[in-house]
Amino acid sequence: MFEIITPSTHDLGAFEVRRTLPNKARTMVGPFIFVDQFGPAHFDIGKGMDVRPHPHINLATVTYLFEGAIDHRDNLGTYATIRPGACNLMTAGSGIVHSERTPAAERATGSPISGMQTWLALPDGKEEIDAAFEHVAKDDLPLIEDGGVSARVIMGSLWGATSPITQHAATIYADILMNAGASIPIEAEADERAVLVALGDASLDGEALDRYSLYILKPGQAMTLRADSDARVMLLGGEAFATPRHVWWNFVSSSRDRINQAKHDWKEGKFPLVPGDSEEFIPLPEVPKTVSYP
């Protein structure tokens, strides 16, 4: 009934990251090519997240928080603070550099951190579009509430509601909060779909789901998601890609040559600087944790 991707876990010291995509068994689900769930964790007073400036190409990043706050800065001059329920869509296109750090106010008091970091591959013909950044506030994302279910549509159209966030390829993405015993239909229209239980216990058509694993659903089959305890479940997917994508470090592309060019450009300092955060950067790794699977 399902293809199941068990996450690899990376301990970053202050918190753990569980990664289900990319994986040897499966590279993508719709446009999603990278799926990380991080936390829950709590930073001590004076501590926080410090992801130094680093580059991306040919993808769009989607940041969505359950708890905490992150300051985003990029070379376009963007400065935006994301908090739970809002969404940041950063389109790298031909190239972008950004940083992610815990805001000063949260560092002063100590703060929780938990959420999702996902990447969308850009479709054929759009990989080299202009870089862009989009912040959509919590109140501007549709919220479907019914029978113990509160489902926020982050991207795409689901349950009769449509998110205002830009789609480069057809995409579905939702954050589903459920009371114990509640259920919600998982529609079958998207080419590819997957669910990930982030909190609590849930089942699909009566089959229990392991927490943190990515369950890829059979195409064209409508299913029912049920919460066996209070639960939080992420639904994601969309348009299937005909052309394979390669992943190396922070770079995604249909062309290995393009990735090699980006590696060279970053190493040689040819990417632009991030205003307000240009004193340091993440150097090109010899062996990245995010690797390309043939």
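Predicted model: local features only at pLDDT ≥ 70, side-chain atom pairs only at ≥ 80, totals over all residues.
Local features require pLDDT of at least 70 and side-chain atom pairs pLDDT 80 or more, while totals for chains, interfaces and linings use all residues. Residues are numbered from 1 along each chain as its sequence is written, and side-chain values use heavy atoms, without hydrogens and water.

**Largest pocket**
- The largest pocket holds about 900 Å³ of space; a pocket is an open set of points on a 1 Å grid over the protein atoms alone where a 1.4 Å probe fits, with protein on both sides within 12 Å along at least five of seven lines.
- Its lining (residues with an atom within 4 Å of a point) has 32 residues, and L12, R19, D36, V51 and I282 are the closest to the centre.
- Strands (DSSP runs of E, at least two residues) that each supply at least two lining residues include β3 (16-21), β4 (32-43) and β10 (96-101).
- β5 gives the most, with five residues.
- By class, the lining of the largest pocket has 16 nonpolar, ten polar and six charged residues.

**Second largest pocket**
- The second largest pocket has about 180 Å³ of space.
- Among its 14 lining residues, W266, F271, P272, L273 and F281 lie nearest the centre.
- Eight nonpolar, two polar and four charged residues make up this lining.

**S203**
- S203 sits in strand β20 (residues 202-204).
- Contacts of S203 (heavy atoms within 4.5 Å), leaving out residues up to four places away in sequence, are with A208, L209, T224, L225, R226 and D228.

How values were computed: Helix = DSSP H or I, 4+ residues; strand = E, 2+ residues; numbered from the N terminus. Points joined across faces, edges and corners; volume = space filled by probe spheres on them. Nonpolar A, V, L, I, M, F, W, Y, C, P; charged D, E, K, R; others polar.
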